[in-house]
Amino acid sequence: MVEIQYDKNLFFIQQKFADSTAALTFLSQQLITQGYAKPGYTEAILAREQVYPTGLPSAEPRVAIPHADSKLINKTTIAVATLQQPVAFHDMEEVKTTLDISMIIMLAIKEPHGQIEMLQSVVGIIQNTKLMHQIVGATSQDELYQLIMTNL
Amino acid sequence: MKRILVACGNGIATSTVVATKIRNYLADKGIQADTNQTRLTEVPGKVEGYDLLVTTGEFSGDRKGVPYVKGMSLLTGIGADKTLQEIADLLSD
């Protein structure tokens with residue numbers, strides 16, 4: 001099994017975005033610029049979010065887990081942003097509903113149905129409300145990276 | 001061997017998590033089950049013959065009479081135990 005490469009340069013704290021489209025565009029462009037995703041990932045992410053939104057109706061603070069076609073991924077990783085003000089994402093389960101999202105974990109997954117451990121860990125983080133409060137409150141990139149990495 | 005179809009938006013990420021959680025839970029309960037993953041749009045063409053359909057994401061398509069459980073709680077953790085129990089009960093009938 002190939003070890004997943006996580007990159008501190010893909011972790012962003014206290015970001016300000018006008019809306020979900022701006023947030024999704026920013027993170028997907030970072031994945032492309034840093035070589036993890038292919039050109040076109042932004043369009044694929046935005047299109048997918050329209051049809052199958054990725055806001056999760058968990059306890060607050062809430063997370064969105066946008067992701068798109070594996071064919072557009074070069075290397076598996078995640079890109080993370082905590083938000084200064086929550087941004088509205090539609091609810092994965094009740095698509096007409098919107099949720100206030102405080103953190104985005106954009107998944108770049110090269111192997112469909114693969115990366116089970118990484119995905120389980122991401123879901124574990126999302127379900128850990130105490131940890132989520134720490135993550136959203138992180139005041140430096142190092143702190144955010146360490147909080148996530150020790151739980152992946 | 002029970003057969004479970006797990007579907008999400010593109011059959012890549014959330015269905016992987018949900019399928020793994022279901023398999024682990026059922027293994028602990030001594031229920032033998034196999035999971036397959038697919039996209040929500042492909043459910044109507046694939047679901048026939050399965051013992052159970054589990055979805056993350058809104059689904060209103062044809063499920064050919066196959067029993068159906070929503071899997072979102074396995075992602076959020078809210079109500080996960082109840083969902084897993086419901087799945088075990090449906091497969092034990």
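Trainee: So two residues are in contact if their C-beta atoms, placed from the backbone, lie within 7 Å. How many residues does the contact take from chain B and from chain A?

Mentor: It takes 18 residues from chain B and 23 residues from chain A. This is a predicted model, in which local features need pLDDT of at least 70 and side-chain atom pairs count only at pLDDT 80 or more, while totals for chains, interfaces and linings use all residues. As for labels, residues are numbered from 1 along each chain as its sequence is written, and chains are lettered from A and ligands numbered from 1 in the order in which they are written.

Trainee: Which elements of chain B supply at least two residues each to the side that touches chain A?

Mentor: Those are α1 (14-29) and α3 (73-76) of chain B. Helices (H or I, at least four residues) and strands (E, at least two) are DSSP runs, numbered from the N terminus. The largest share, three residues, comes from α1(B).

Trainee: And what classes of residue are on that side of chain B?

Mentor: There are six nonpolar, ten polar and two charged residues on the side of chain B that touches chain A. Here Ala, Val, Leu, Ile, Met, Phe, Trp, Tyr, Cys and Pro count as nonpolar, Asp, Glu, Lys and Arg as charged, and the others, Gly among them, as polar.

Trainee: What does the model score?

Mentor: The scores are ipTM 0.92 and pTM 0.95. Chain B averages a pLDDT of 95, and 99% of the residues score at least 70; pLDDT is the predictor's confidence in each residue, from 0 to 100.

Trainee: How many helices and strands does chain B have?

Mentor: Chain B has four helices and four strands, and from the N terminus on they run β-α-β-α-β-β-α-α. The radius of gyration of chain B is 12 Å, close to the 12 Å that the globule rule gives for 93 residues, so chain B is as compact as a globular protein of that length. That radius is taken over C-alpha atoms, and the rule is 2.2 Å times the number of residues to the power 0.38.

Trainee: How much of chain B is buried?

Mentor: Buried residues make up 45% of the 93 residues in chain B. A residue is buried if 20 or more other C-beta atoms lie within 10 Å of its own, exposed if 12 or fewer, and partly exposed in between, with C-beta atoms placed from the backbone.

Trainee: Then is B:Q85 buried or exposed?

Mentor: B:Q85 has 12 other C-beta atoms within 10 Å, so B:Q85 is exposed. B:Q85 is found in helix α4 (residues 80-92) of chain B. The C-alpha atoms of B:Q85 and B:Y25 are separated by 9.1 Å, though these residues are 60 residues apart along the chain.

Trainee: Over to chain A. Which residues touch the most other members in the largest nonpolar core?

Mentor: Of its 72 residues, they are A:V80, A:M103, A:I104, A:I105, A:M106 and A:A108. Strand β4 (residues 98-108) of chain A gives the most to this core, with eight residues. A nonpolar core is a set of buried Ala, Val, Leu, Ile, Met, Phe, Trp, Tyr and Cys residues joined through C-beta atoms within 7 Å.

Trainee: What is A:M103 in contact with, leaving aside its neighbours within four places in sequence?

Mentor: Its partners include A:P61, A:V80, A:L83 and A:I135.

Trainee: Where is A:P61?

Mentor: A:P61 is in the loop between α2 (41-51) and β2 (62-64) of chain A. The peptide bond from A:E60 to A:P61 is cis, with omega near -5°.

Trainee: How do β3(A) and β4(A) pair?

Mentor: They pair in the antiparallel sense over ten bridges, and A:V80 stands opposite A:I105 in β4(A). Two strands pair if DSSP finds at least two bridges between them. Three bridges join β1(A) to β3(A), which run parallel. Strand β3 (residues 77-90) of chain A is mostly covered, with ten of its 14 residues buried.

Trainee: Last one: what is phi of A:Q14?

Mentor: Phi of A:Q14 is near 50°, a positive value in a residue other than glycine. A:Q14 is in strand β1 (residues 11-15) of chain A.
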